[in-house]
Amino acid sequence: MFYVCEFEFIEDGGAMTALCLNDWGGATSGTDLEDAGECAADWLACMVDDCLMNGTPLPPVRLGNEPTQGGKVIAIAVSRELSDIPAMTAADAARELGVSSARVAQLINAGMLDSWKEGTRRMVSRASVQARLEDSPKTGRPKTAMV
């Protein structure tokens with residue numbers, strides 16, 4: 001699926017800022033117009049991926065926006081499908097995280113792992129598993145502060 005979004009590119013003290021002009025809002029930046037355009041495409045792909053994984057509708061495409069900050073409006077397009085997102089099964093995620101499948105389900109329900117269904121299989125994004133591994137809580141009870 002192709003998704004198009006217009007961004008307003010504004011020169012900002014030697015850098016280039018790209019403001020998203022659809023209902024997401026948000027911004028990204030780069031060192032120059034080309035870099036900011038690549039950053040805007042990456043940002044847009046992440047936003048579309050999030051909607052695809054969560055089954056939420058994408059904001060409507062509105063083209064023909066006028067600059068509001070004195071910049072230049074440029075349309076950025078990305079092609080994204082769920083199959084583009086690096087993923088593993090929930091069972092593989094459990095093995096990689098060293099937890100049970102039930103714990104993976106708890107993490108998914110708590111929004112701590114990104115997942116979606118492909119047919120009958122629950123898929124988990126590799127990025128969310130990697131983030132969980134990097135920010136993994138330590139085992140045991142939390143220590144209480146001494147007063």
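Predicted model: local features only at pLDDT ≥ 70, side-chain atom pairs only at ≥ 80, totals over all residues.
View 1. Asp32 lies in the loop between β3 (27-30) and α1 (33-54). Together with Glu34, Glu38 and Asp42, Asp32 forms a negative surface patch.

**View 2. The salt bridge of Arg62 and Asp23.** The structure has 4 salt bridges. In one of them, the side chains of Arg62 and Asp23 meet at 2.8 Å, N to O. This pair links distant parts of the chain, 39 residues apart: Arg62 is in the loop between α1 and β4 (72-79), and Asp23 is in the loop between β2 (15-20) and β3. Arg62 is partly exposed at 37% relative accessible area, whereas Asp23 is exposed at 51%.

**View 3. The salt bridge of Asp92 and Arg95.** The side chains of Asp92 and Arg95 form a salt bridge of 2.3 Å, N to O. Both residues belong to helix α2 (residues 90-97), where they are 3 residues apart and so separated by about one helical turn. Asp92 is partly exposed, with 32% relative accessibility, and Arg95 is exposed, with a relative accessible area of 60%.

**View 4. The salt bridge of Arg121 and Glu118.** Here the side chains of Arg121 and Glu118 meet at 3.8 Å, N to O. Arg121 is partly exposed at 44% relative accessible area, and Glu118 is partly exposed at 33%.

View 5. The structure holds 0 disulfides. For Cys20, the nearest cysteine sulfur is that of Cys5, 3.4 Å away; a disulfide would need the sulfur atoms within 2.5 Å. Cys20 is buried, at 8% relative accessibility. For Cys46, the nearest cysteine sulfur is that of Cys39, 11 Å away. Cys46 is exposed, with a relative accessible area of 52%.

How values were computed
Residues numbered from 1 in each chain as written. Heavy atoms only, no water. Buried < 20%, exposed > 50% of the residue type's maximum accessible area, 1.4 Å probe, protein only. Patch = residues over 30% accessible without salt bridge, like charges linked within 9 Å, V, L, I, M, F, W, Y side chains within 5 Å. Areas by Shrake-Rupley, 256 points an atom, 1.4 Å probe, with all protein chains shown as cover. Lys, Arg positive; Asp, Glu negative; His and termini not counted. Charge placed at Lys NZ, Arg CZ, Asp CG, Glu CD. Helix = DSSP H or I, 4+ residues; strand = E, 2+ residues; numbered from the N terminus.
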